[in-house]
Amino acid sequence: MKILFFTLMITLLTLSTGKAAPAMHPLTPKEATLITIAAQTARGNIDALTPALRQALDVGIPLEDLKEILTQLYAYCGFPRSLNALQALMTVANERAVNGLPTTQGCTPSPLPNESSLRFGTENQTKLCGRPVTGPLFDFAPAIDTYLKAHLFGDIFGRDNLDWRTRELATIAALAAMPGVESQLRAHIRIGKQNGLTEAHIQAILETVAGNAFGVPTLSPFPVGQENTAYAQYFSGKSYLARLTRDTRLNAPAANVTFEPGCRNNWHRHTGGQLLIAVGGIGFYQERGKPARKLLPGDVVEVPPDTDHWHGAAPASWFSHLAIECNPAANKNTWLEPVSNADYAAATKE
């Protein structure tokens with residue numbers, strides 16, 4: 001099933017763009033989650049940040065790594081947003097402890113070198129940028145030059161529990177999420193390329209941040225799309241739809257559907273059946289009269305024809321799946337009654 005999942009992902013990327021898909025998406029799922037976290041921290045959007053933090057811990061990103069990124073970001077988006085993000089992370093970590101969920105702790109940094117932060121930071125800045133950094137602005141305001149070298153590149157970038165590539169990935173995502181900092185964004189894109197990020201990585205980071213402008217975590221390489229207002233009457237909560245295929249001759253309509261936490265669609269059935277492929281977050285699928293099935297990325301659901309069912313997100317997690325219509329020429333969809341709160345709670349109880 002996992003091999004089928006990744007094969008279909010690559011095939012659908014090809015169909016949706018008309019071009020050969022790369023062998024692998026440039027961002028790993030963990031990197032995509034970190035980008036979402038950095039962008040929503042910079043925006044101050046705690047409602048969108050919190051499920052992204054849950055997703056990060058679910059996929060095994062160490063707690064110490066998340067602390068380090070959120071602490072670093074104060075240098076780019078200010079103490080208030082960094083502190084609010086750390087408060088959200090602490091709340092999520094405490095929730096996991098109460099519920100007995102495992103959390104990867106990670107490593108704390110080694111002690112900084114016993115030397116001048118200014119000298120150490122200047123060396124780091126030169127390595128990061130590939131050359132010494134000077135300019136008229138720093139001559140005009142030498143204090144900011146000292147703070148950048150000693151504190152940002154010495155005290156912060158000198159901490160070794162995160163590599164510079166990851167730090168730049170988070171920095172670029174945060175700057176891309178904020179208006180009015182284009183020159184700094186361009187500078188960090190150059191620094192990122194100096195430290196292992198490719199042009200494909202940069203493009204994917206910028207697309208991911210842009211796709212999150214309305215506060216939806218990016219859970220997979222597929223686009224989130226726009227709010228699914230055309231079918232809102234058939235969903236309990238908000239959902240988002242991105243159609244992946246355009247050519248009707250392919251006879252394989254496919255879309256990425258993203259559900260906010262707790263959102264699910266009504267009971268419904270398809271005369272020709274449906275194929276669902278979970279690509280991000282945690283979800284559930286249930287056929288009438290049967291126990292619900294928990295869905296994680298890579299799980300595949302073959303929905304039989306004329307079978308009453310529903311699918312959607314877990315109560316505390318965003319969820320994305322690919323929906324592929326089977327036998328589209330003759331496939332008719334019939335919407336039925338909403339899934340009651342009581343039935344949803346019973347189905348998703350773990």
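Five helices, α5 (74-77), α7 (117-129), α8 (136-140), α9 (142-156) and α11 (182-194), each contribute at least two residues to the lining of the second largest pocket. The structure is a predicted model.

**Second largest pocket**
- The space in the second largest pocket amounts to about 900 Å³.
- Its lining consists of 28 residues, and those nearest the centre of the pocket are Phe138, Leu148, Gln184, Ala187 and His188.
- Helix α11 provides the largest share of this lining, with 7 residues.
- By residue class, the lining comprises 18 nonpolar, 8 polar and 2 charged residues.

**Arg96**
- Arg96 counts as buried because its relative accessible area is 6%, under the limit of 20%.
- A polar contact of 2.8 Å links the side chain of Arg96 to the side chain of Asp58.
- Beyond residues up to four places away in sequence, Arg96 touches Arg54, Leu57, Asp58, Leu101, Pro102 and Thr103.

**His270**
- The side chains of His270 and Asn333 form a polar contact of 3.3 Å.
- Apart from neighbours within four places in sequence, His270 is in contact with Pro304, Pro305, Asp306, His309, Asn331, Lys332 and Asn333.

Methods
Residues are numbered from 1 along each chain as its sequence is written. This is a predicted model: local features need pLDDT of at least 70, side-chain atom pairs count only at pLDDT 80 or more; totals for chains, interfaces and linings use all residues. Side-chain values use heavy atoms; hydrogens and water are left out. On a 1 Å grid over the protein atoms alone, a cavity is a set of points where a 1.4 Å probe fits but cannot get out, and a pocket is an open set with protein on both sides within 12 Å along at least five of seven lines; lining residues have an atom within 4 Å of a point. Grid points are joined across faces, edges and corners, and a volume is the space filled by probe spheres set on the points. Helices (H or I, at least four residues) and strands (E, at least two) are DSSP runs, numbered from the N terminus. Ala, Val, Leu, Ile, Met, Phe, Trp, Tyr, Cys and Pro count as nonpolar, Asp, Glu, Lys and Arg as charged, and the others, Gly among them, as polar. A polar contact is a pair of N or O atoms within 3.5 Å; within protein, one must be able to donate a hydrogen and the other to accept it, and residues adjacent in sequence count only if both atoms are side-chain atoms. Contact means heavy atoms within 4.5 Å. Buried means under 20% relative accessible area, exposed over 50%, partly exposed in between (1.4 Å probe, protein chains only).
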